[in-house]
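Please open the structure in your viewer and keep the selection tool at hand. The tour goes stop by stop, with something to select at each.

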Amino acid sequence: MASAVVVFDFDKTIIDCDSDNWVVEALGADDLFNLLLPTMPWNSLMDHMMAELHAMGKSIEDISRVLKAAPIHPSVVTCIKSAHALGCELRIVSDANALFIETILEHHGLLGFFSEIATNPSYVDEEGRLRILPYHDFNKSDHGCPLCPPNMCKGKIIEGAIQREERKIIYLGDGKGDYCPSLRLREVDFFMPRKDFPCWELICEDPSALKSQVLEWRYGEEQGELLLEVITIIVQQPASGECKLESIPPAVPTYKSLGRALALRP
Ligand SMILES: [Mg+2]
Ligand SMILES: [Zn+2]
(Lines give C-alpha, C1' and ligand atoms only; values in the text may rest on other atoms or scores of the structure.)
(Ligands and ions follow the chains in the order given, each with its own letter.)
Protein backbone atom coordinates (compact mmCIF):
# COMPACT_ATOMS: atom_id res chain seq x y z
CA MET A 1 0.00 0.00 0.00
CA ALA A 2 1.20 3.45 -0.87
CA SER A 3 1.01 6.35 1.51
CA ALA A 4 1.00 10.10 1.17
CA VAL A 5 2.16 13.22 2.94
CA VAL A 6 -0.61 15.80 3.32
CA VAL A 7 0.62 19.36 3.79
CA PHE A 8 -1.95 21.89 4.96
CA ASP A 9 -1.76 25.63 5.00
CA PHE A 10 -3.53 26.76 8.20
CA ASP A 11 -5.45 30.06 7.80
CA LYS A 12 -8.51 29.75 5.53
CA THR A 13 -7.53 26.15 4.82
CA ILE A 14 -7.81 24.29 8.15
CA ILE A 15 -9.64 27.09 9.94
CA ASP A 16 -12.14 29.20 8.01
CA CYS A 17 -10.61 32.59 8.84
CA ASP A 18 -7.20 34.23 9.14
CA SER A 19 -6.05 33.69 12.73
CA ASP A 20 -4.02 36.92 12.80
CA ASN A 21 -6.98 39.04 11.66
CA TRP A 22 -9.30 37.07 13.93
CA VAL A 23 -7.30 37.82 17.09
CA VAL A 24 -6.63 41.46 16.27
CA GLU A 25 -10.30 42.12 15.41
CA ALA A 26 -11.76 40.22 18.35
CA LEU A 27 -9.53 42.12 20.79
CA GLY A 28 -10.40 45.49 19.27
CA ALA A 29 -7.12 46.45 17.59
CA ASP A 30 -8.06 46.12 13.92
CA ASP A 31 -8.04 49.88 13.21
CA LEU A 32 -4.46 50.14 14.42
CA PHE A 33 -3.52 46.99 12.50
CA ASN A 34 -4.89 48.41 9.25
CA LEU A 35 -3.18 51.74 9.89
CA LEU A 36 0.23 50.13 10.40
CA LEU A 37 -0.01 47.43 7.71
CA PRO A 38 1.48 49.60 4.92
CA THR A 39 4.48 50.45 7.11
CA MET A 40 6.01 47.05 7.91
CA PRO A 41 5.99 43.36 6.89
CA TRP A 42 2.97 41.39 8.14
CA ASN A 43 5.02 39.15 10.43
CA SER A 44 6.77 42.14 12.10
CA LEU A 45 3.40 43.89 12.45
CA MET A 46 1.89 40.88 14.23
CA ASP A 47 4.75 40.93 16.75
CA HIS A 48 4.13 44.66 17.21
CA MET A 49 0.37 44.12 17.58
CA MET A 50 1.01 41.65 20.39
CA ALA A 51 2.84 44.49 22.22
CA GLU A 52 -0.11 46.78 21.58
CA LEU A 53 -2.59 44.21 22.88
CA HIS A 54 -0.40 43.68 25.95
CA ALA A 55 -0.37 47.44 26.56
CA MET A 56 -4.18 47.41 26.25
CA GLY A 57 -4.27 44.91 29.11
CA LYS A 58 -5.05 41.87 26.95
CA SER A 59 -3.51 38.70 28.35
CA ILE A 60 -2.39 35.43 26.75
CA GLU A 61 -5.58 33.93 28.21
CA ASP A 62 -7.63 36.53 26.29
CA ILE A 63 -5.79 35.59 23.10
CA SER A 64 -6.31 31.85 23.75
CA ARG A 65 -10.00 32.33 24.41
CA VAL A 66 -10.44 34.16 21.12
CA LEU A 67 -8.41 31.57 19.20
CA LYS A 68 -10.57 28.74 20.53
CA ALA A 69 -13.61 30.43 18.99
CA ALA A 70 -12.05 30.57 15.49
CA PRO A 71 -14.34 28.85 12.97
CA ILE A 72 -13.38 25.40 11.73
CA HIS A 73 -15.63 23.26 9.53
CA PRO A 74 -16.53 19.90 11.15
CA SER A 75 -15.69 18.16 7.84
CA VAL A 76 -12.12 19.41 8.11
CA VAL A 77 -11.83 17.96 11.64
CA THR A 78 -13.22 14.61 10.47
CA CYS A 79 -11.04 14.60 7.37
CA ILE A 80 -7.83 15.21 9.34
CA LYS A 81 -8.63 12.24 11.58
CA SER A 82 -9.56 10.02 8.60
CA ALA A 83 -6.44 10.96 6.62
CA HIS A 84 -4.32 10.04 9.62
CA ALA A 85 -6.19 6.76 10.08
CA LEU A 86 -5.51 5.93 6.42
CA GLY A 87 -1.78 6.12 7.14
CA CYS A 88 -0.99 9.60 5.80
CA GLU A 89 1.60 11.79 7.44
CA LEU A 90 0.10 15.22 8.13
CA ARG A 91 2.05 18.46 8.29
CA ILE A 92 1.30 22.18 8.43
CA VAL A 93 3.17 24.96 6.64
CA SER A 94 1.80 28.30 7.82
CA ASP A 95 2.66 31.97 8.03
CA ALA A 96 0.65 32.28 11.28
CA ASN A 97 2.62 31.37 14.42
CA ALA A 98 3.20 28.38 16.67
CA LEU A 99 1.06 29.54 19.61
CA PHE A 100 -1.99 30.41 17.50
CA ILE A 101 -1.87 27.14 15.57
CA GLU A 102 -1.18 24.87 18.56
CA THR A 103 -3.88 26.54 20.68
CA ILE A 104 -6.53 26.00 18.00
CA LEU A 105 -5.48 22.45 17.11
CA GLU A 106 -5.30 21.42 20.74
CA HIS A 107 -8.74 22.87 21.42
CA HIS A 108 -10.19 20.65 18.66
CA GLY A 109 -8.17 17.60 19.70
CA LEU A 110 -6.13 17.70 16.48
CA LEU A 111 -2.60 18.64 17.57
CA GLY A 112 -1.43 15.03 17.91
CA PHE A 113 -2.34 14.19 14.31
CA PHE A 114 0.40 16.43 12.88
CA SER A 115 4.02 15.30 12.72
CA GLU A 116 5.43 18.71 11.83
CA ILE A 117 4.33 22.36 11.97
CA ALA A 118 6.57 24.72 10.02
CA THR A 119 5.58 28.23 11.08
CA ASN A 120 6.84 31.44 12.66
CA PRO A 121 8.13 30.69 16.17
CA SER A 122 6.41 32.40 19.10
CA TYR A 123 6.85 32.56 22.85
CA VAL A 124 5.46 34.40 25.86
CA ASP A 125 8.10 36.71 27.37
CA GLU A 126 8.59 37.40 31.10
CA GLU A 127 6.08 40.27 30.96
CA GLY A 128 3.39 38.04 29.54
CA ARG A 129 3.57 39.46 26.02
CA LEU A 130 3.50 37.15 23.02
CA ARG A 131 6.56 37.52 20.80
CA ILE A 132 6.31 36.38 17.17
CA LEU A 133 9.54 35.79 15.26
CA PRO A 134 10.13 35.22 11.54
CA TYR A 135 10.51 31.62 10.29
CA HIS A 136 13.48 32.71 8.14
CA ASP A 137 15.46 35.37 10.01
CA PHE A 138 15.56 37.97 7.24
CA ASN A 139 17.88 40.20 9.29
CA LYS A 140 20.57 37.53 8.97
CA SER A 141 19.97 36.32 5.41
CA ASP A 142 17.53 36.76 2.55
CA HIS A 143 15.74 33.60 1.37
CA GLY A 144 16.05 35.00 -2.15
CA CYS A 145 12.54 34.11 -3.37
CA PRO A 146 10.79 37.05 -5.06
CA LEU A 147 7.35 35.42 -4.71
CA CYS A 148 7.28 35.18 -0.92
CA PRO A 149 7.24 37.51 2.10
CA PRO A 150 10.68 38.04 3.73
CA ASN A 151 9.90 35.89 6.78
CA MET A 152 8.77 32.72 5.02
CA CYS A 153 9.19 31.00 1.66
CA LYS A 154 6.88 27.98 1.77
CA GLY A 155 8.36 26.81 -1.53
CA LYS A 156 11.77 26.36 0.09
CA ILE A 157 10.18 24.32 2.88
CA ILE A 158 8.35 22.09 0.38
CA GLU A 159 11.43 21.71 -1.78
CA GLY A 160 13.36 20.47 1.26
CA ALA A 161 10.58 17.97 1.99
CA ILE A 162 10.45 16.76 -1.63
CA GLN A 163 14.18 16.04 -1.72
CA ARG A 164 13.85 13.35 0.92
CA GLU A 165 10.35 12.13 0.01
CA GLU A 166 9.31 9.14 -2.09
CA ARG A 167 5.67 9.36 -1.05
CA LYS A 168 3.24 11.51 -2.97
CA ILE A 169 2.55 14.96 -1.53
CA ILE A 170 -0.90 16.52 -1.38
CA TYR A 171 -0.77 20.25 -0.60
CA LEU A 172 -3.81 22.32 0.36
CA GLY A 173 -3.79 26.12 0.51
CA ASP A 174 -5.56 29.33 -0.36
CA GLY A 175 -3.18 32.28 -0.12
CA LYS A 176 -0.52 34.01 -2.20
CA GLY A 177 2.12 32.33 -0.05
CA ASP A 178 0.88 28.91 -1.20
CA TYR A 179 1.64 29.68 -4.85
CA CYS A 180 5.43 29.27 -4.51
CA PRO A 181 5.14 25.68 -3.14
CA SER A 182 2.63 24.83 -5.91
CA LEU A 183 5.42 25.47 -8.43
CA ARG A 184 7.76 23.02 -6.66
CA LEU A 185 5.48 19.95 -6.56
CA ARG A 186 6.26 17.00 -8.83
CA GLU A 187 4.07 15.30 -11.45
CA VAL A 188 3.10 12.60 -8.97
CA ASP A 189 1.88 15.16 -6.41
CA PHE A 190 -1.46 16.92 -5.97
CA PHE A 191 -2.10 20.60 -5.35
CA MET A 192 -5.48 21.55 -3.89
CA PRO A 193 -6.09 25.33 -4.08
CA ARG A 194 -9.19 26.94 -2.61
CA LYS A 195 -11.30 28.15 -5.55
CA ASP A 196 -11.59 31.94 -6.06
CA PHE A 197 -8.87 32.63 -3.48
CA PRO A 198 -5.52 34.33 -4.34
CA CYS A 199 -3.48 31.15 -4.92
CA TRP A 200 -6.15 29.72 -7.25
CA GLU A 201 -6.23 33.00 -9.17
CA LEU A 202 -2.44 32.93 -9.64
CA ILE A 203 -2.61 29.32 -10.87
CA CYS A 204 -5.38 30.20 -13.34
CA GLU A 205 -3.10 32.82 -14.93
CA ASP A 206 -0.87 29.98 -16.16
CA PRO A 207 -1.98 26.47 -15.17
CA SER A 208 0.87 24.97 -17.20
CA ALA A 209 3.38 26.36 -14.66
CA LEU A 210 2.40 23.50 -12.31
CA LYS A 211 3.64 19.96 -12.82
CA SER A 212 1.30 18.39 -10.26
CA GLN A 213 -2.37 17.62 -10.70
CA VAL A 214 -4.62 20.45 -9.52
CA LEU A 215 -7.88 19.86 -7.64
CA GLU A 216 -9.86 22.87 -6.51
CA TRP A 217 -12.23 23.05 -3.54
CA ARG A 218 -14.43 25.78 -2.11
CA TYR A 219 -15.63 24.93 1.40
CA GLY A 220 -14.62 22.65 4.25
CA GLU A 221 -17.06 19.94 3.23
CA GLU A 222 -15.79 19.82 -0.34
CA GLN A 223 -12.19 19.93 0.84
CA GLY A 224 -12.79 16.91 3.08
CA GLU A 225 -14.56 14.85 0.39
CA LEU A 226 -11.98 15.60 -2.27
CA LEU A 227 -8.96 15.04 -0.04
CA LEU A 228 -10.24 11.70 1.19
CA GLU A 229 -10.99 10.64 -2.37
CA VAL A 230 -7.44 11.47 -3.49
CA ILE A 231 -5.98 9.68 -0.46
CA THR A 232 -8.15 6.62 -1.12
CA ILE A 233 -6.87 6.48 -4.70
CA ILE A 234 -3.26 6.84 -3.58
CA VAL A 235 -3.41 4.17 -0.87
CA GLN A 236 -4.96 1.73 -3.35
CA GLN A 237 -1.99 2.12 -5.71
CA PRO A 238 1.11 -0.09 -5.49
CA ALA A 239 3.80 1.77 -3.52
CA SER A 240 5.79 2.73 -6.64
CA GLY A 241 2.78 3.08 -8.95
CA GLU A 242 1.84 6.07 -11.02
CA CYS A 243 -1.22 7.77 -9.65
CA LYS A 244 -3.19 9.65 -12.24
CA LEU A 245 -6.79 10.46 -11.61
CA GLU A 246 -7.62 9.33 -15.16
CA SER A 247 -6.85 5.83 -13.88
CA ILE A 248 -9.46 5.87 -11.11
CA PRO A 249 -10.94 2.37 -11.03
CA PRO A 250 -14.72 2.38 -11.64
CA ALA A 251 -15.33 1.17 -8.09
CA VAL A 252 -14.11 4.52 -6.72
CA PRO A 253 -16.88 7.13 -6.80
CA THR A 254 -16.02 10.23 -8.78
CA TYR A 255 -17.25 13.49 -7.38
CA LYS A 256 -18.40 16.18 -9.74
CA SER A 257 -15.73 18.39 -8.21
CA LEU A 258 -13.02 16.19 -9.73
CA GLY A 259 -14.24 16.86 -13.24
CA ARG A 260 -14.44 20.59 -12.58
CA ALA A 261 -11.04 20.72 -11.01
CA LEU A 262 -9.33 18.77 -13.75
CA ALA A 263 -10.70 21.27 -16.27
CA LEU A 264 -8.22 23.73 -14.77
CA ARG A 265 -5.35 21.83 -16.40
CA PRO A 266 -5.10 21.92 -20.18
MG1 LIG B 1 -4.07 30.47 4.14
ZN1 LIG C 1 9.00 31.35 -2.26
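A crossing of two helices is left-handed if the near helix is turned anticlockwise from the far one by less than a right angle, and right-handed if clockwise. Helices (H or I, at least four residues) and strands (E, at least two) are DSSP runs, numbered from the N terminus.

This is a predicted model, in which local features need pLDDT of at least 70, side-chain atom pairs count only at pLDDT 80 or more, and totals for chains, interfaces and linings use all residues. Residues are numbered from 1 along each chain as its sequence is written, while chains are lettered from A and ligands numbered from 1 in the order in which they are written.

**Stop 1: helices 4 and 6**

Select helix 4 (residues 60-68) and helix 6 (residues 98-107). Their crossing is right-handed. The two pack at an angle of about 55°, with axes 9 Å apart; axes are lines fitted to C-alpha atoms, for helices over the stretch in contact, and angles run from 0 to 180 degrees between N-to-C directions. Helix 4 and helix 6 are therefore oblique to each other (under 35 degrees counts as roughly parallel, over 145 as roughly antiparallel, 65 to 115 as roughly perpendicular and the rest as oblique).

Now show Ser64, Leu67 and Lys68 of helix 4 with Phe100, Thr103, Ile104 and His107 of helix 6, which make the contact (C-beta atoms, placed from the backbone, within 7 Å). By class, these residues are three nonpolar, three polar and one charged. Ala, Val, Leu, Ile, Met, Phe, Trp, Tyr, Cys and Pro count as nonpolar, Asp, Glu, Lys and Arg as charged, and the others, Gly among them, as polar.

**Stop 2: helices 1 and 4**

Ser19, Trp22, Val23 and Ala26 of helix 1 touch Ile63, Val66 and Leu67 of helix 4. Six of the residues in this contact are nonpolar, one is polar and none is charged.

**Stop 3: helices 5 and 10**

Select helix 5 (residues 74-85) and helix 10 (residues 220-236), whose axes lie 8 Å apart at an angle of about 15°. Helix 5 and helix 10 are therefore roughly parallel to each other. The crossing is left-handed.

**Stop 4: the sheet**

In what order do the six strands of the open sheet run? The order is 3-2-1-6-7-8, with parallel pairing (two strands pair if DSSP finds at least two bridges between them). Strand 3 (114-120) and strand 8 (213-214) are at the edges with a single partner strand each, so one side of each has no neighbour in the sheet. Strand 6 (residues 168-173) and strand 7 (residues 190-193) pair over four bridges. Pick Gly173, whose bridge partner in strand 7 is Pro193.

**Stop 5: confidence**

Colour by pLDDT, the predictor's confidence in each residue, from 0 to 100. The chain's mean pLDDT is 90, and 89% of its residues reach 70 or more. Over residues 247-266 the pLDDT is below 50.

How values were computed
Two residues are in contact if their C-beta atoms, placed from the backbone, lie within 7 Å.
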